[in-house]
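Trainee: I have a structure open and would like to talk it through with you. Could you take my questions as they come?

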Amino acid sequence: MKEHSFIGPESSLGEDINCLTLTSHYFFENQIDPKKDALIKNLSFFEGIPIQYMDQVHGNSIGLVTTHNFEPIKSTDAIFTSKKGLALAALTADCMPIVLSKIDGSEFSILHAGWKGLFSGIIEKSISSFATDGLEISAWIGPSISCRNYEVDDVFYKKFITKDKESESNFIKKDSEKWLFSLQGEAERILIKYGVHIQTTRICTYESELLYSFRKEKTQDRLVTIIWRSE
């Protein structure tokens, strides 16, 4: 069923802007191998629109896309464009796909954001790519692992709160050495600071049978999230 194939925001992020996450059901019904290397080769188009991928490395580099390239953009975890006729993609299996768009639809981007990306400032850097401030930007945080399933150690906790004390609001203490961390909550906290309009998908990759979780299954299967502007 189509409703099991896609997950998307409740309302559009910008004029003529479309975005969605393709689930395991989509890959099954279209007989597409969901392993990350195979996806890039076998899912080159979505409904006739070419897909631009990234060679994701859990960093904070941003690539500007002016024309489509069938090769992934090297060592990049966010891509940005103002062009019609192409889709920007992120592959995830617990990390967050975050989509940003100007409300008028003239510029848009996609981010692959795990804890390393959050810590290194990929959201802040991506917002600065737009020719406007955050008040004219909308964001959608796609499916990712939830706080209740994302356990981290005390070193991780101290690393974050040392950089920014306000990060503490997204940690829940589990015991003397363990914490639960909300990736989505931390992303929302950063986006709110810039005045960005936010929609968030609360579906957990660790819990949903339609999604893939590396932490749960050590899988090489990946979800694909795409954003494009209609012609």
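Trainee: Leaving aside its neighbours within four places in sequence, which residues is Leu43 in contact with?

Mentor: Before I answer, note that this is a predicted model, in which local features need pLDDT of at least 70 and side-chain atom pairs count only at pLDDT 80 or more, while totals for chains, interfaces and linings use all residues. Residues are numbered from 1 along each chain as its sequence is written, and side-chain values use heavy atoms, with hydrogens and water left out. With contact meaning heavy atoms within 4.5 Å, Leu43 touches Leu22, Tyr26, Phe27, Ile32, Ala38, Ile51, Tyr53 and Val224, once its neighbours within four places in sequence are set aside.

Trainee: Which residues have the most contacts inside the largest nonpolar core?

Mentor: They are Phe27, Leu43, Val224 and Ile226, in a core of 37 residues. A nonpolar core here is a set of buried Ala, Val, Leu, Ile, Met, Phe, Trp, Tyr and Cys residues joined through side-chain atoms within 4.5 Å, and buried means under 20% relative accessible area, with exposed over 50% and partly exposed in between (1.4 Å probe, protein chains only).

Trainee: And which elements give two or more residues to this core?

Mentor: Those elements are strand E2 (17-22), helix H2 (24-29), H3, E4, E7, strand E9 (108-113) and strand E15 (223-229); helices (H or I, at least four residues) and strands (E, at least two) are DSSP runs numbered from the N terminus. Another core, of 31 residues, lies apart from it and has Ile122, Ile137, Ile161 and Val196 among its members.

Trainee: Switching to the largest pocket, which residues lie nearest its centre?

Mentor: His58, Cys95, His112, Phe214 and Arg222 do, out of 24 lining residues, and the space in that pocket is about 670 Å³. On a 1 Å grid over the protein atoms alone, a pocket is an open set of points where a 1.4 Å probe fits, with protein on both sides within 12 Å along at least five of seven lines, and lining residues have an atom within 4 Å of a point. Grid points are joined across faces, edges and corners, and the volume is the space filled by probe spheres set on the points.

Trainee: Which element gives the largest share of the lining?

Mentor: H3 does, with 3 residues, and helix H3 (36-42), strand E7 (87-92), helix H4 (115-120) and helix H8 (214-217) each supply at least two. By class the lining has 11 nonpolar, 5 polar and 8 charged residues, where Ala, Val, Leu, Ile, Met, Phe, Trp, Tyr, Cys and Pro count as nonpolar, Asp, Glu, Lys and Arg as charged, and the others, Gly among them, as polar.

Trainee: Now helix H7: why is it largely enclosed by the rest of the structure?

Mentor: Of the 11 residues of helix H7 (residues 183-193), 9 are buried, so the rest of the structure largely encloses it. Just after H7, Gly195 takes a positive phi of about 80 degrees.

Trainee: What do the side chains of Arg189 and Glu186 form?

Mentor: They form a salt bridge, at 2.8 Å from N to O; the term stands for a side-chain nitrogen of Lys or Arg within 4 Å of a carboxyl oxygen of Asp or Glu. Arg189 and Glu186 are 3 residues apart in helix H7, which means that about one helical turn separates them. A network of salt bridges links Asp164, Glu166, Glu186, Arg189 and Lys193, and the structure holds 10 salt bridges.

Trainee: Which residue does Arg202 pair with in a salt bridge?

Mentor: Arg202 pairs with Glu188, the closest N and O atoms being 2.8 Å apart. Arg202 lies in the loop between strand E14 (197-200) and H8 and Glu188 in helix H7, so the pair ties together parts that are 14 residues apart in sequence. Arg202 is exposed at 55% relative accessibility, whereas Glu188 is buried at 15%.
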